[in-house]
Structures are given as C-alpha cells and as structure tokens.
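These are my notebook entries on one protein chain. I record what I looked up, in the order in which I looked it up.

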Amino acid sequence: MRTLITCTLSIVLAYHTALGAQSGATQNATGRVTAVTAESVTIQTSKETLALAVDSATKVIGKGVGTLTAQLKAQGRSAVVTDLVHQYDSVRVKYTTAERGPRATEIRIVVPAARKP
C-alpha cells in the first residue's frame, strides 16, 4: 500500500512539474512589423519594441497565407516567415517567454501592408 501511494504521488508531482514547464508564460502583443528575418520578427507595440524568435513551429495566419503556402509547395519549397510576414504588416502575436528569450508561437496578420504590384 505504501508503494502504491508513493508511486501515485510521484506521478502526480511529475505531471505538475511537466505541465508548469510546458505552459510557460504565454503572452499576446499587437503592433506593426518593423523588421522580419528568417530567425526573428520585430514588432512595435504601443508601449515597446518587441523582438521575437521564430522557427518552423511558428504558425502564421492571415488572408492569402494558405494560398501562398500552397503555391510555394507546388514550386517545391517550404514557406518561411519572410515569405508570409512583411514590414509594416499589422499583427497580433502569441509568444512564450523562455530562458532563451521570447519566441513567437503564432503570428496573425490583421492588416497586411500595402504591396506594390
């Protein structure tokens, strides 16, 4: 009986520890993109300039993003953040703070910047 209780408590403790490490501090920010590279997106919010790391797990959402991604895939290449997000786009970003700095998990393009044909 003692072993069962110890085992159960160990599992519960491990679960809560993993849950806490996984959830991190998810935050939201809204602003205008001031710079975008393959590794980061910088946005100007009403209060601060925020530089966020991006990677292949960063999800980009917006009008036309799916179509552009499909076109690039048909050409045999994967879409990267520089293909989808541009300077002066108005965006809403979900990001987590980690020991290596803030990382964007989702970038939603609210108003795309005007593009010249």
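**Entry 1: Arg-77**

I located Arg-77 in the loop between α2 (65-74) and α3 (81-84). Helices (H or I, at least four residues) and strands (E, at least two) are DSSP runs, numbered from the N terminus. I note that this is a predicted model, in which local features need pLDDT of at least 70 and side-chain atom pairs count only at pLDDT 80 or more, while totals for chains, interfaces and linings use all residues. Residues are numbered from 1 along each chain as its sequence is written, and side-chain values use heavy atoms, with hydrogens and water left out.

I then looked up its contacts (heavy atoms within 4.5 Å). Leaving aside neighbours within four places in sequence, Arg-77 touches Leu-72 and Asp-83. The side chains of Arg-77 and Asp-83 are joined by a polar contact of 2.8 Å. A polar contact is a pair of N or O atoms within 3.5 Å; within protein, one must be able to donate a hydrogen and the other to accept it, and residues adjacent in sequence count only if both atoms are side-chain atoms.

**Entry 2: The chain and its strands**

I read the order of elements from the N terminus as α-β-β-β-β-α-α-β-β.

I next examined strand pairing, which requires that DSSP finds at least two bridges between two strands. Strand β5 (residues 90-98) runs antiparallel to β6, with nine bridges between them. These two strands, β5 and β6, form a hairpin with two residues between them. Val-93 stands opposite Ile-107 in β6. Strand β4 (residues 59-61) pairs with strand β6 (residues 101-111) in the parallel sense over three bridges, and Ile-61 stands opposite Arg-108 in β6.

**Entry 3: The core**

Which residues touch the most other members of the largest nonpolar core? I found Ile-43, Val-85, Val-93 and Ile-107, among 18 residues in that core. The elements that give two or more residues to this core are β1 (25-36), β2 (40-44), β3 (49-53), α3, β5 and β6. A nonpolar core is a set of buried Ala, Val, Leu, Ile, Met, Phe, Trp, Tyr and Cys residues joined through side-chain atoms within 4.5 Å.

Leaving aside neighbours within four places in sequence, I list among the contacts of Ile-107 Val-41, Val-85 and Val-93.

Key. Buried < 20%, exposed > 50% of the residue type's maximum accessible area, 1.4 Å probe, protein only.
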